[in-house]
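Here's a quick briefing on side-chain contacts and strand pairing. Have a look at the model first, then run through the notes below.

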Amino acid sequence: MKKIWFFIAFTAVLFSCSDNNRSNNNPYIPNYAINVYLDSNLPTYNNLKFVSNPVYVANYGAKGIIVMKTGEGTYTAFDAACPNQAITSCAAMTISGIYAVCSCDKVQYNLFTGLGGKEYPMKQYRAEGSGTVIHVYN
């Protein structure tokens, strides 16, 4: 009887484990390697000291990345490419408050969640803060 309970408990633990991987299976945006450190003491990234002040960082990912502080020591980072459009058809998304707006279809995506009401959410990257430095990577 103990073996059965052990097997049930082991199976439950096994299926409840997660690799903490974000679902980034988007046919429109290729997987680019991202590894960038942003210092919020620099004028370009100074807005990252404050919650809900996103910053666009060019030359990373498909169309750049958008990074935003979401709380004390927590950040989100998304690719600035429109997630539901071909990469060549649109310019990088623009920032409008806490939203990123696609230049093709004018859909707004929330920068806290990456959701925008279309089939695919924004492509998300990992972002970790340590002091004044934010590390964005995948």
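There's one aromatic pair here, counting rings of Phe, Tyr and Trp (its six-membered ring) with centres within 6.5 Å, where planes under 30 degrees apart are stacked, over 60 edge-to-face and the rest tilted. Bear in mind that this is a predicted model: local features need pLDDT of at least 70, side-chain atom pairs need 80 or more, and totals for chains, interfaces and linings use all residues. Numbering starts from 1 along each chain as its sequence is written, and side-chain values use heavy atoms, with hydrogens and water left out.

**Aromatic pair**
- Tyr28 and Tyr120 have ring centres 6.1 Å apart and planes at 85°, so they sit edge-to-face.
- Tyr28 is in the loop between α1 (2-16) and β1 (35-39) and Tyr120 in the loop between β7 and β8, 92 residues apart; helices (H or I, at least four residues) and strands (E, at least two) are DSSP runs numbered from the N terminus.
- Tyr28 is partly exposed at 35% relative accessible area (buried is under 20%, exposed over 50%, partly exposed in between; 1.4 Å probe, protein chains only).

**Salt bridge**
- The count is one salt bridge (a Lys or Arg side-chain nitrogen within 4 Å of an Asp or Glu carboxyl oxygen).
- Asp105 and Lys118 form it, with their closest N and O atoms 3.7 Å apart.
- Asp105 is partly exposed at 24%, and Lys118 is partly exposed at 42%.

**Sheet**
- Six strands make an open antiparallel sheet, ordered β1-β9-β8-β4-β3-β2; pairing takes at least two DSSP bridges between two strands.
- β1 and β2 (55-57) are the edge strands.
- β3 (residues 65-71) and β4 (residues 74-79) pair over six bridges, with Lys69 opposite Tyr75 in β4.
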